[in-house]
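Welcome! Let us walk through this structure together, one region after another.

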Amino acid sequence: METSQFIERINKYFPGVVISIVEKLNDTTVPLPYLHKQLLRKDFSVTGKWESLSSSKSIVMADVVAMDSELPLKKRDSMAKATGDIPKMGMELKLNEQQLTNLYTLIATGGTEQQIAAMIFEDTPKVIMGVHERIESIFLQGLSTGYALVDTDNAGTGVRIDYGYKTANQLLPTVTWSTSATAKPIDDIETAVQKATVDGITLGVIYMDKTAFNNMVKTTQFKEMFAFSQNFVGGNIPAPSISQAQGVLLDRFGLTVQIVNRSVRYEKNGTQTTVKPWADGRVVLAPDGQIGSLVWARLAEELSPVAGVAYQKADDYVLVSKFRVNRPSLAEFTTSQARVIPVISGVNSIYTLDTKTAQS
């Protein structure tokens, strides 16, 4: 690695470019593109491990006893723990010889400073957002299923992160929601809400993908519930829209509907593939607010930086670097690294409903 030939511009613009990218990612004036940024708080790990604790949190009434009598001893809540090492993730992009030649030409022919800087820093948002795309993929798979598979070397192997979802909270419908005439989505949601109430949990949000939502609003039971709420009279009841369905579930259960319709792309051996990390047809019910942590640790290169490499930190945990190499050919690299993992805590307050698998 060698110092970039554009080091003066990097020193001048690199900090501002990274800050502007982070501000865009954290902008609260527009809908956030990443659900993990809304639902997870950042949490630094000194040990490089992530940990999720959960307890039954059962509440029982105090005893009423006569004066000078002893108080009966109650048992403490049971505690469960899931833990593991925080994996490393990152990506790199480069300006090859042809792209560098184009950049030299732009400089020589009087290109504006904005045009030159745009070419030098073109890859910076890509490597930063690439980390957030991976985090979002892990989080959505983990939230919808209770576990996530994280690639470790981009060669088909990986580590499984198990958040320890409570088996009793993983529910199944009486009839799959795709069976529109006989499915009972209102009853199935009612079952989850009632179970949470017995468990002492107040649910506030219901997350579902388009598969679950579209099947739900097509069912006879849901359309009849919608028609009743609208004082609709007639036999041909239309399927409600998203806002109309949200009104039904908010009025009936006090639940806010969050539709998860997110795709991510991964690249292996030069081929890009688009996938949806949320488990198809899965519904998740949870309390309002944050439901976990984005746990991060420091990188080895952060503790021992390489001479000649220009570094910047993005969002505390993403280390972005720019440098030059001349083997096997001249190239300018932009890379990102992070040791970070989304962790879902309080898993005993998470309830899932697999709408594609009926009770046996």
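At roughly what angle do the axes of helix α8 and helix α9 cross? In this predicted model, helix α8 covers residues 220-229 and helix α9 residues 242-253, and their axes cross at roughly 80 degrees, coming within 10 Å. Angles of 65 to 115 degrees count as roughly perpendicular, so α8 is roughly perpendicular to α9. On the α8 side, the residues that meet the partner helix are Phe222, Met225, Phe226 and Ser229, while α9 brings Gln244, Ala245, Val248, Leu249 and Arg252. Sorted by class, this contact of α8 with α9 has six nonpolar residues, two polar ones and one charged one.

Now turn to the sheet. Its five strands follow the order β7-β17-β12-β8-β9, in an open arrangement with mixed pairing. At the edges you will find β7 (170-171) and β9 (256-259), each of which pairs on one side only. Helix α7 (residues 210-218) packs on this sheet and touches β8 (205-208), β9 and β12 (282-286); the directions of α7 and β8 make an angle of about 105 degrees.

Finally, look at the loop between β16 (331-344) and β17, where Ser349 lies. Is Ser349 buried or exposed? Its relative accessible area is 15%, and because buried means under 20%, Ser349 counts as buried. Its neighbors, leaving aside residues up to four places away in sequence, are Ile201, Leu203, Leu285, Ala286 and Pro287, which Ser349 touches. The Ser349 side chain also reaches the backbone oxygen of Gly346, at 2.6 Å.

Notes
Residues are numbered from 1 along each chain as its sequence is written. This is a predicted model: local features need pLDDT of at least 70, side-chain atom pairs count only at pLDDT 80 or more; totals for chains, interfaces and linings use all residues. Side-chain values use heavy atoms; hydrogens and water are left out. Two strands pair if DSSP finds at least two bridges between them. Helices (H or I, at least four residues) and strands (E, at least two) are DSSP runs, numbered from the N terminus. Contact means heavy atoms within 4.5 Å. Axes are lines fitted to C-alpha atoms, for helices over the stretch in contact, and angles run from 0 to 180 degrees between N-to-C directions. Angles under 35 degrees count as roughly parallel, over 145 as roughly antiparallel, 65 to 115 as roughly perpendicular and the rest as oblique. Ala, Val, Leu, Ile, Met, Phe, Trp, Tyr, Cys and Pro count as nonpolar, Asp, Glu, Lys and Arg as charged, and the others, Gly among them, as polar. Buried means under 20% relative accessible area, exposed over 50%, partly exposed in between (1.4 Å probe, protein chains only). A polar contact is a pair of N or O atoms within 3.5 Å; within protein, one must be able to donate a hydrogen and the other to accept it, and residues adjacent in sequence count only if both atoms are side-chain atoms.
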